[in-house]
Amino acid sequence: MLTIGCHLSVSKGYAAMGKTACSIGANTFAFFTRNPRGGTVRALNEDDVAALRTLLDEHGFGQLVAHAPYTYNLCSAKEDARAFAIASMREDLERMAALPGQLYNFHPGSHVGQGADRGAALIAEGLCQVLQAGAPTRVLLETMAGKGTEMGRSFEELAHIIELVERARPELEGALGVCMDTCHVSDAGYDIIHDLDGVLAHFDEVVGLERLCAVHLNDSKNPCGAHKDRHACIGEGYLGSEALGGGEDVLYRIVTHPALKDLPFILETPNELDGYAREIAYLRKLAETADGAPSGTPSSQSAVQERRLCMCNRLLSQ
Ligand SMILES: [Zn+2]
């Protein structure tokens, strides 16, 4: 069964997120570890976290993917900004220890003109201060679209950061992984529309598929290589829309690919809960066609459903 969910608000607490996830057919979810724009954190309510742990067990959830706020920049040119990111990530991971075995992903950062080499060195330096050997939460670098001076625009950049960390602190081997964002990798120039196999083989060569721990499943408002990072609803962007050169078969290959199908898929599409519920149901159905359907071709029935879904989303957005 597909492990799939979406980004949820933590404002009503941890157990509430679990209940919301169940109500939309999700068996994983993502959440910000704190207000994405600010730095203040509420004290962790242990009863609330324990209630979520029970719910995750009872409903057979896969791994959750907590998200660091976008404001962290481990490779900022300003020392205080780097120190803030390091201190906040350490604090986030301390809190995550109450939910052992989950994932925590972050945007590597922007080198703001210092150059990619300096950026990678600063990120690795910061991670060496953040990570602890044997910690219960795996930390994931996210693949980025490469807008501005964003780090993580190529698999090579991610591999380089991981290598620097492990060279400096060999005991951290395995502490870092990667979260692949489908909108970002496409925007970064990796052609997952026509050659998902080739892109994943390249990832395996450079980073190693054993490092790939989660997928942010987003459609893209821009074509491959645009370096933009604007997420579209599933089936409405360059990946999933036939009119834009993609199609349902692209989505089908993503959710059924042997290297991806058992990972947690997190939707970060521009939706409210009802839209997420529809995308989850649609993608589950699509993944299920893997049994019995000729490989690579979704059933025509689900093609119809996709068009229906597009229509629903369009109606909702009016
Ligand atoms: Zn993402």
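Start where helices α3 and α4 cross: the crossing is right-handed, a label given when the near helix is turned clockwise from the far one by less than a right angle, with anticlockwise being left-handed. Helices (H or I, at least four residues) and strands (E, at least two) are DSSP runs, numbered from the N terminus.

This is a predicted model, where local features need pLDDT of at least 70, side-chain atom pairs count only at pLDDT 80 or more, and totals for chains, interfaces and linings use all residues. Residues are numbered from 1 along each chain as its sequence is written.

**Stop 1: α3 and α4**

Select 79–96 for α3 and 116–130 for α4. They pack at an angle of about 40°, with axes 9 Å apart. Axes are lines fitted to C-alpha atoms, for helices over the stretch in contact; angles run from 0 to 180 degrees between N-to-C directions. Now show side chains. From α3 come R82, A85, I86, M89, R90 and L93; they meet L122, G126, Q129 and V130 of α4. Contact requires C-beta atoms, placed from the backbone, within 7 Å. By class, this contact of α3 with α4 has 6 nonpolar, 2 polar and 2 charged residues. Ala, Val, Leu, Ile, Met, Phe, Trp, Tyr, Cys and Pro count as nonpolar, Asp, Glu, Lys and Arg as charged, and the others, Gly among them, as polar.

**Stop 2: α4 and α5**

The crossing of α4 and α5 is right-handed. On α4, select A116, A120, A121, I123, A124, L127 and C128; on α5, E157, H160, I161, L164, V165 and A168. The residues of this contact divide into 11 nonpolar, 1 polar and 1 charged.

**Stop 3: the sheet**

An open sheet of 8 strands runs β1-β10-β7-β6-β5-β4-β3-β2, with parallel pairing. Strands pair if DSSP finds at least two bridges between them. β1 (4–6) and β2 (30–32) stand at the edges with a single partner strand each, so one side of each is left without a neighbour in the sheet. Neighbouring strands are turned by 30° against each other on average, direction ignored.

Zoom in on β3 (65–67) and β4 (103–106): 3 bridges join these parallel strands. A66 has Y104 of β4 as its bridge partner.

**Last stop: the whole chain**

Show everything: 10 helices and 10 strands.

Methods. Two residues are in contact if their C-beta atoms, placed from the backbone, lie within 7 Å.
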